[in-house]
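Visitor: Please take a close look at the pockets of this model, and then at the local details elsewhere in the chain.

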Amino acid sequence: MRSKITVIGAGFVGSTLVQRLAERDYADIVMFDIVPNMPQGKALDMLQAGPVLGYDSLITGTNEYADTVNSDIVVITSGLPRKPGMSRDDLVKKNQEIIAQVTEQVVKYSPNCIIIMVTNPLDAMAQLALSVSGFPRDRIIGMAGVLDTARFRTFIAQELNVSVRDVQAYVLGGHGDTMLPLSRMCTVAGVPIVQLIPAERIEQIVQRTRDGGAEIVKLLGTGSAYFAPSVSVLQMVDSILLDKKMIMPCTVYLQGEYGINNLFIGVPAKLGAKGLEQIIEIELSEHERTLLQKSADAVRELVKVMGI
Ligand code: TXD
């Protein structure tokens with residue numbers, strides 16, 4: 001039997017992700033949206049790309065949750081994207097209503113699925129999904145760190161004129177202005193960037209990474225980034241569906257790790273067939289620990305706004 005993946009929200013991130021998943025050819029895919037006929041139209045279009053690219057993935061567009069039944073993985077991208085000048089945090093109330101209702105339906109039809117949350121404000125929406133679903137923490141994972149790290153790696157590679165493949169990095173913390181690109185641990189072919197780039201230049205790159213989403217929002221004028229976000233989700237799905245046990249920064253529910261309790265925040269995690277299989281605790285400096293705590297405080301404030 002082929003695996004089944006559902007993507008909730010057939011907007012920019014959702015539909016781009018479905019196209020990438022179809023190209024993987026390892027699962028059948030259901031794409032759900034509340035807009036009548038739109039997911040059906042996009043699904044049919046993608047299905048007709050199959051003969052050209054040679055994939056057999058069945059892609060179904062739907063407005064009915066019943067079609068999502070028994071999904072192995074459900075990716076939630078439904079909600080409103082940021083408008084120029086709007087912070088991720090402004091989105092919280094608007095998207096809380098949508099995510100609570102979506103999670104309820106997802107869980108009703110796929111009680112054993114692994115949920116990957118994408119909707120912003122990401123950390124808060126993952127926390128909401130955990131609370132609504134009653135799932136164990138290993139089956140709710142948020143996507144932010146892979147994207148933020150990809151942005152950091154892009155800027156470092158550009159700075160040093162090297163292949164992005166040679167740049168290893170971690171961005172921890174919440175998916176917001178307080179995220180923590182760990183420059184101390186960023187390396188190029190094994191060499192720490194602190195030996196390659198002056199400190200004040202690294203600080204500028206760190207700041208550009210923090211503003212990476214907003215930079216694109218401003219350029220687009222309407223909507224937010226979706227090419228890099230969708231492939232970031234794809235990497236997480238790959239690791240889970242193929243049980244690759246890759247370690248990547250993910251937004252997961254901490255219960256004491258990094259001195260943080262009962263809160264979703266970005267840290268390195270191992271993803272495999274069971275979902276979140278291990279949280280990797282790297283030793284942080286005093287300063288990094290303080291910044292991570294600050295980021296956790298910002299997420300906690302948002303969770304408080306939701307009243308859960
Ligand atoms: O790093 C990250 N986690 C992110 C998060 C990176 C990029 C985008 N990020 C967030 O994902 C963004 O701030 C939004 O909250 C979501 C989706 O972004 P996208 O760019 O795909 O937004 P769109 O194109 O507006 O798509 C949203 C779709 C749209 O088709 C709506 O009709 C649908 O969501 N929608 C719903 N679907 C199902 N059910 C309900 N209730 C619903 N409400 C809206």
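Guide: The model is predicted. I begin with the second largest pocket, which has a volume of about 470 Å³. Its lining is made up of 16 residues, and Val-146, Thr-149, Ala-150, Arg-153 and Gln-235 are those that lie nearest its centre. Three elements, helix 6, helix 9 (227-241) and strand 12 (246-255), supply at least two lining residues each. Sorted by class, the lining of this second largest pocket holds eleven nonpolar, four polar and one charged residues.

The largest pocket has a volume of about 730 Å³. Its lining counts 37 residues, with Thr-77, Ser-78, Gly-79, Leu-80 and Pro-81 nearest the centre. Two or more lining residues come from each of helix 1 (12-24), helix 4 (92-109), helix 6 (145-160) and helix 8 (212-220). Helix 4 gives the largest share, four residues. The classes in the lining of the largest pocket are 18 nonpolar, 15 polar and four charged residues.

Gln-19 and Met-46 are 27 residues apart along the chain, and their C-alpha atoms are separated by 6.5 Å.

Next come the aromatic rings. A pair of aromatic rings is described by the distance of the centres and the angle of the planes. The whole structure has four aromatic pairs. In one of them, Tyr-226 and Phe-227 are 4.5 Å apart centre to centre, with 35 degrees between the planes, and the pair is tilted. Ring pairs link these two residues and Phe-12 into a cluster. Is Phe-227 buried or exposed? Phe-227 has a relative accessibility of 55%, and because the cut-off for exposed is over 50%, it counts as exposed. Another ring, that of Phe-135, has the charged end of Arg-139 over it, 4.1 Å from the ring centre.

The backbone remains. Most residues other than glycine have a negative phi, and most peptide bonds are trans. The peptide bond from Asn-120 to Pro-121 is cis, and its omega is near -5 degrees. Pro-121 belongs to the loop between strand 5 (114-117) and helix 5 (122-133).

Asn-70 is not a glycine, yet its phi is positive, near 55 degrees. Asn-70 is placed in the loop that runs between strand 3 (59-62) and strand 4 (73-76). With a relative accessible area of 55%, Asn-70 is exposed.

Asp-243, also not a glycine, has a positive phi of about 50 degrees. The loop that holds Asp-243 lies between helix 9 and strand 12, and both of these elements supply residues to the lining of the second largest pocket. The relative accessible area of Asp-243 is 33%, and this residue is therefore partly exposed.

Terms used
Residues are numbered from 1 along each chain as its sequence is written. This is a predicted model: local features need pLDDT of at least 70, side-chain atom pairs count only at pLDDT 80 or more; totals for chains, interfaces and linings use all residues. Side-chain values use heavy atoms; hydrogens and water are left out. On a 1 Å grid over the protein atoms alone, a cavity is a set of points where a 1.4 Å probe fits but cannot get out, and a pocket is an open set with protein on both sides within 12 Å along at least five of seven lines; lining residues have an atom within 4 Å of a point. Grid points are joined across faces, edges and corners, and a volume is the space filled by probe spheres set on the points. Ala, Val, Leu, Ile, Met, Phe, Trp, Tyr, Cys and Pro count as nonpolar, Asp, Glu, Lys and Arg as charged, and the others, Gly among them, as polar. Rings of Phe, Tyr and Trp (its six-membered ring) pair if their centres lie within 6.5 Å; planes under 30 degrees apart count as stacked, over 60 as edge-to-face and the rest as tilted. Buried means under 20% relative accessible area, exposed over 50%, partly exposed in between (1.4 Å probe, protein chains only). A charge sits over a ring if NZ of Lys or CZ of Arg is within 6 Å of the ring centre and within 35 degrees of the ring normal.
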